[in-house]
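Take a walk through this model with the sequence at hand.

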Amino acid sequence: MSFAIRIAQQNFVVGDIQGNAHTIIEAARAAHADGARLVLTPELALTGYAAEDLYLRPAFLSACEAGLAQIAQASTEWPDLAIVVGHPERIAHEPGGRCHNAASVVRNGRIEQTYAKQRLPNYEVFDEQRYFVAGKGDGVFEVAGVRVGLLICEDAWWPEPARAAAEAGAHMLVCLNASPFHVGKSAEREEVMRERVRETGLPLVYAHLVGGQDEVVFEGASFALNADGSVAMRAPAFEEVQAHVQVAAAANATVQLDGTKAPVLPWEAELWAALVMGVRDYIGKNGFPGVLLGLSGGIDSALVLAIAVDALGADKVRTVMMPSPYTADISWIDARDMAERMQVPYEEIAIAPQFEAFKAALAHDFAGLPEDTTEENLQARIRGTLLMALSNKFGSVVLTTGNKSEMATGYCTLYGDMAGGFAVIKDVVKTRVFALARWRNANDPFGKGINPIPERIITRPPSAELRPDQTDQDSLPPYEVLDAIVERYMERDEPIDSIVAAGFAQADVDKVTRLIKINEYKRRQAPVGVRVTRRSFGKDWRYPITNRFRA
């Protein structure tokens, strides 16, 4: 016995119940036309992931029920096709309005059965216990004589649900998933699923979401593993596809899977694609006409510009150079060069007149006091005000250009360079900023035909250019040291003593960790941005602002 499975690796939109239902129906129609007998959608495909507090609204759940009924009605066209749909399931009289994170097998006009997710993650970006109640049962159903065990995301990260499906007579496993991307997550995910395969002796098909949703990105890269743990199929990452898996079942119910294997991306390509998708979907799904950013001639704004053009096209990106009295000539030259390379609108608005006006207005209060970071921050705030005025007038979203190293240490200005609507590289440390710039100049993933970033932008010492002869390293440790400490302390929760024991200077560790702690109030006021590490300054990081714990 043999049959085909189609995975609807689609970019579902949160809250667009009708649109998502239509996408599922069209995927089923195409799958049936190609002879498939089973269609898998990602976790909570009907609502998009994650709909957060929408799950607590009765009207939202009613819309989901109507959407599921619409899919069931459409399935009468293909009576031999099973469609597995991820959706929330209302629980009658549940206190607080929580529901099940569920998946239903829809076939020939009927909802044959519904399986509720058993393991509800409540770590990193996940907050599922706020919205869902854990389910029970094995979720086994039949397709063309093959018994299929259904799992949902976190279920497959634990042995028990897969074991229960095997004990209930499953010949193979399928897992619906919406697991946010971070660098290295795809390989980690495949290895964990390989453990389930080895434990149960059953092959597994993994249906994953693709697309950006506010802070998180889903990379797709759905896959299938045979019972020996080998990869039978791998879908492309960061692409919408209908992935095909061929199932061959022997007389003894042994199942063999086969399909096309997309290559595994290097980390730079993976990270670039995630940032591009994050920008494209945030701007596109929210209906913004375009973006604008301050182009300084520095590495961070250069990288953000390259990402934005790859994501949106040059016609939807506008750049503004806002030189101060301390802006070096080479910054003007390099900013103009990059704007010309990327063929984006570019203008220059000098901020010296506004800077002098602010200083004159404050002269009485500041009399007798030396210039310090106050005057530096004034320049950043003038730039932020100009960008937000342009945004207000033309509707384009301001992309901020601060990186994770700056966000961690507070090397950024409230209502200045932090002012904007979307923070593209807020989860990318400075060392990776340089690595990505070099990678993009050596690669052309979207066929632009250019090396976008002038070499001097990559090689010159970074500077905010807010005072004479300023460089970032005047007040921060070398970025190789800073970024390593941020990763250990912020992303891995390593104790300070352990970081010092790993060979980092006590003074550097004390300085960086102190800066991380005292700048929480700034980060709370930063715009959302793309999460690309295991722990970002966003949903992953929930530290109190008022806090005297210092270890």
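Which side chain meets E494 in a salt bridge? The partner is R492, and the N to O distance is 3.4 Å. Keep in mind that this is a predicted model. E494 has a relative accessible area of 17%. The limit for buried is under 20%, so E494 counts as buried. R492 has 47% relative accessibility, so R492 counts as partly exposed.

Stay in this stretch of the chain. Helix α14 covers residues 479-491. Just after α14 comes D493, with a positive phi of about 60 degrees. Which residues of α14 are buried? They are Y479, L482, D483, A484, I485, V486, Y489, M490 and E491. An α-helix has 3.6 residues a turn, so residues three or four places apart point the same way. Look next at what covers the buried residues of α14. The cover includes α11 (404-409) and α12 (430-442). It also includes α15 (496-501) and α16 (506-518).

Now go back to charges. Side chains of opposite charge can pair when their charged atoms come close. How many salt bridges does the structure hold? There are 39. One of them joins R90 and E65, at 2.9 Å from N to O. This pair links distant parts of the chain. R90 is in strand β3 (residues 82-90), while E65 is in helix α2, and 25 residues separate them. Are these two buried or partly exposed? R90 has 34% relative accessibility and so counts as partly exposed. E65, at 39%, is also partly exposed.

A second bridge joins E160 to R119, with the closest N and O atoms 3.0 Å apart. This pair, too, links distant parts of the chain, 41 residues apart. E160 belongs to helix α3 (residues 159-167). R119 sits in the loop between β5 (110-116) and β6 (140-143). E160 is at 36% relative accessibility, so E160 is partly exposed. R119 is partly exposed as well, because its relative accessibility is 27%.

R119 has another contact to look at. R119 lies over the face of W158, 4.8 Å from the ring centre. So R119 has a place in two arrangements: the salt bridge with E160 and the position over W158, with a relative accessibility of 27%.

Some charged residues join in a network. E124, E188, R531, R534 and D540 are linked by salt bridges.

Turn to the rings. The structure holds 13 aromatic pairs. Among them is Y49 with F218, an edge-to-face pair. Their centres are 5.9 Å apart, and the planes make an angle of 90 degrees. The pair links distant parts of the chain, 169 residues apart. Y49 is in the loop between β2 (38-40) and α2 (58-74), and F218 is in strand β11 (residues 216-219). Y49 and F218 are both buried.

Why is the pair of Y55 and F60 edge-to-face? The planes of the two rings stand at 70 degrees, with the centres 6.0 Å apart. Planes over 60 degrees apart count as edge-to-face, so this pair qualifies. Both residues are buried. Y55 and F60 also belong to one aromatic cluster with Y131 and F132.

Next, look at V143 in strand β6. V143 has a relative accessible area of 0%, so V143 is buried. What does V143 touch, leaving aside residues up to four places away in sequence? The contacts are F3, R37, L38, A82, R107 and V148. L38 is 105 residues from V143 along the chain, yet their C-alpha atoms are separated by 7.1 Å.

The structure holds 2 cavities of 30 Å³ or more. The largest cavity has about 80 Å³ of space. Which residues line the largest cavity? The lining is made of T400, G402, M407, C412, D417, M418, A423, K426, A526 and P527.

Notes:
Residues numbered from 1 in each chain as written. Heavy atoms only, no water. Buried < 20%, exposed > 50% of the residue type's maximum accessible area, 1.4 Å probe, protein only. Helix = DSSP H or I, 4+ residues; strand = E, 2+ residues; numbered from the N terminus. Contact = heavy atoms within 4.5 Å. Phe/Tyr/Trp six-rings, centres within 6.5 Å; stacked < 30°, edge-to-face > 60°. Lys NZ or Arg CZ within 6 Å of the ring centre and 35° of its normal. Salt bridge = Lys/Arg side-chain N within 4 Å of Asp/Glu carboxyl O. 1 Å grid on protein atoms, 1.4 Å probe; cavity = no way out; pocket = protein on both sides within 12 Å on 5 of 7 lines; lining within 4 Å. Points joined across faces, edges and corners; volume = space filled by probe spheres on them.
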